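Subject: Structure for your review

Dear colleague,

Please find below the structure that I am handing over to you. I would ask you to keep it open while you read the notes that follow.

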Amino acid sequence: DLRQRGGCAGLSVGTFTGTVLRARSSFYTVETPDGSLVECRLRGRAKRDRQSSDIVVIGDRVSVARQPDGSVMIEEVEPRRSRFSRRQAGPRGSWREDVMVANLDLVVAVFSCDRPPPNPRLIDRFLVVAEDNGVEATIVANKVDLVEASIPESVFGPYETIGYRVLYTAAKAGIGVDALRSHLAGRISVVAGPSGAGKSTLLNAIQPGLRLATAEVSESLGKGRHTTTAAELHRLDAGGYVADTPGIRELGLWQIPARALAWCFVEFRPYLGGCGFNDCSHLHEPRCAIRDALAVGEISEGRYDSYRRMLVGDAG
């Protein structure tokens, strides 16, 4: 809990570079080089420099300076080396990029084996966003204790086949918690997924003392209720930081061109460049290497259908 670590002890007069751990309204909690926390506002110049995207998000590295009146201001935001973002509606029918976490090393997509049931289409979207940003992705199959032993493997095993790491967990039963804790250690990670998948419960098990709010899945709808209301980076005792994010039911892709989208499906890559046309969309053209691989079972129909849906609906 950031409030328990509050204060700005050790903050000297002058400028320093820190990491944004929490962003709420126009206030930002920044970790100083000595590990203390300080509440900051954003200087107008920095706002002008970042008009095309979210100005400041958790994970951003920022230059901070104490003002003569004692207030602390963010003077500059460093370029982001990576991000986890989605497309979101903007003013007057436009679209904008919603950056949820900056400068991260790992995307952890958490889906439950039941209540709510896993959504492979949404899993694929999480993986595409990670691939587009060059960030490692891991899938967590949570609540394995609620289903027969064969079900998690049948749903999530195909992702292991194409090269993704899948961790099988049950937070309340303590299954897989140590493995996930070790996987997050020393890195900046975002834990994301649909509401009710058990993200906050997992993080509470990994890091005792977080006391993140949790809620039971609706019996009538089989859907989770949002318990995390704002993204926040939490320091882990094992090293590194992890962001717990609000539940995501949809994940719109932000400006991924058609050619880049195909590359974001890792099992497509060996066949890219082998089509009869350089600008092949892999939807209807003759002599398409991707669809040939699909026909002989080297690419799954489910993953290809996810690609087709994203290409038609999101990628420009």
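**Overall picture**

In the protein, 64% of the contacts with a separation of 6 or more are between residues 24 or more positions apart. Please bear in mind that this is a predicted model. The protein has eight helices and 13 strands. Of its 316 residues, 51% count as buried. The protein exposes about 15,000 Å², and carbon and sulfur atoms supply 50% of that area.

In soluble globular proteins, nonpolar side chains tend to be buried together. Here, the largest nonpolar core holds 35 residues, and those touching the most other members are Phe84, Leu104, Phe156 and Val190. At least two residues of this core come from each of these elements: strand S7 (95-102), S8, H2, strand S9 (136-142), helix H3 (150-161), strand S11 (187-192) and strand S13 (240-244). H2 gives the most, with six residues. There is also a second, separate core of 18 residues, including Leu261, Phe265, Cys275 and Ala289.

Which residues does phenylalanine 156 touch, not counting those up to four places away in sequence? They are Phe111, Ser112, Cys113, Pro118, Ile123, Ile139, Ala141, Val166 and Tyr168.

**Helix H2**

Helix H2 covers residues 120-132, 13 residues in total. From its first C-alpha to its last it reaches 18 Å, close to the 18 Å expected at 1.5 Å a residue. The helix is mostly covered, with 10 of its 13 residues buried. Among the buried residues are Leu122, Ile123, Phe126 and Leu127, and also Asp124, Arg125 and Glu131.

Both ends of H2 deserve a look. At its start, a side-chain oxygen of asparagine 119 comes to within 3.1 Å of the backbone nitrogen of arginine 121. After the helix comes glycine 134, whose phi is positive, near 70 degrees.

**Valine 108**

Valine 108 is part of strand S8 (residues 106-112). Is valine 108 buried or exposed? Valine 108 counts as buried because its relative accessibility is 1%, and the limit for buried is under 20%. Leaving out residues up to four places away in sequence, valine 108 touches Thr138, Val140, Leu180, Leu184, Val190, Val191 and Ala192.

**Threonine 32**

Threonine 32 sits in the loop between strand S2 (27-31) and strand S3 (37-42). Threonine 32 is buried, with a relative accessible area of 6%. Its side chain and that of serine 36 are joined by a polar contact of 2.8 Å. Beyond its neighbours within four places in sequence, threonine 32 is in contact with Phe16 and Val38.

**Cysteines**

A disulfide is a covalent bond between the sulfur atoms of two cysteines. How many disulfides does a search of the whole structure find? The search finds zero. Cysteine 288 is in no disulfide: the nearest cysteine sulfur, that of cysteine 280, is 3.8 Å away, whereas a disulfide needs the two sulfur atoms within 2.5 Å. Cysteine 288 is buried, with a relative accessible area of 1%. Cysteine 40 is likewise buried, with a relative accessible area of 1%.

Yours sincerely,

A colleague

Notes:
Residues numbered from 1 in each chain as written. Predicted model: local features only at pLDDT ≥ 70, side-chain atom pairs only at ≥ 80, totals over all residues. Heavy atoms only, no water. Helix = DSSP H or I, 4+ residues; strand = E, 2+ residues; numbered from the N terminus. Buried < 20%, exposed > 50% of the residue type's maximum accessible area, 1.4 Å probe, protein only. Contact = heavy atoms within 4.5 Å. Expected span 1.5 Å × (residues − 1). Polar contact = N/O pair within 3.5 Å; in protein donor to acceptor, adjacent residues only side chain to side chain. Core = buried A, V, L, I, M, F, W, Y, C linked by side-chain atoms within 4.5 Å. Areas by Shrake-Rupley, 256 points an atom, 1.4 Å probe, with all protein chains shown as cover.
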